[in-house]
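Please open the model in your viewer and keep the selection tool at hand.

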Amino acid sequence: MYRWLSNILGQWEPSQAERFCRFATSSRQVPTDFNFNVINYSGGLERVPVAHTCFSTVDVPNYSDEATLKAGLEKALEFSDIKSYQLA
């Protein structure tokens, strides 16, 4: 799954990668030496990734392939862009 995530982030436009960075850390600009944690969980494949910005952690369902992971990430980013939604 980590390789899939790396592939996806590498393929995205900078603006989309920035959105993921904000989703995962609540910051648009993250230092180059900064790390965030990805935790695989079995909460159901219909779920989307969940970010815990205070801990720079992203919980990712145990998706079976890269395409499903990409779709889940894109949906999570879409949900995080809802105007009435505010990051803590």
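The model is a predicted one, in which local features need pLDDT of at least 70 and side-chain atom pairs count only at pLDDT 80 or more, while totals for chains, interfaces and linings use all residues. Residues are numbered from 1 along each chain as its sequence is written, and side-chain values use heavy atoms, with hydrogens and water left out.

Now colour by accessibility: of the 88 residues of the protein chain, 30% count as buried, a term that means under 20% relative accessible area, against over 50% for exposed and in between for partly exposed (1.4 Å probe, protein chains only).

Next, select helix α1 (residues 2-11) and helix α3 (residues 66-80), whose axes lie 10 Å apart at an angle of about 60 degrees; axes here are lines fitted to C-alpha atoms over the stretch in contact, and angles run from 0 to 180 degrees between N-to-C directions. That angle makes α1 oblique to α3, since angles under 35 degrees count as roughly parallel, over 145 as roughly antiparallel, 65 to 115 as roughly perpendicular and the rest as oblique. Show the side chains of W4, L5, N7, I8 and Q11 of α1 together with E66, L69, K70 and L73 of α3, which make the contact (heavy atoms within 4.5 Å).

On the α2 side the contact is made by Q16, R19, F20 and F23, and on the α3 side by L73, E74, A76, L77, E78 and S80.

Which residues do ring pairs link into a cluster? Select W12, F20 and F23, which are linked in this way; rings of Phe, Tyr and Trp (its six-membered ring) pair if their centres lie within 6.5 Å, with planes under 30 degrees apart counted as stacked, over 60 as edge-to-face and the rest as tilted. The structure holds two aromatic pairs. The rings of F20 and F23 have centres 6.2 Å apart and planes at 45 degrees, so this pair is tilted. Being three residues apart in helix α2 (residues 14-25), F20 and F23 are separated by about one helical turn. Finally, F20 is buried at 4% relative accessibility, and F23 is buried at 10%.

Technical notes: Helix = DSSP H or I, 4+ residues; strand = E, 2+ residues; numbered from the N terminus.
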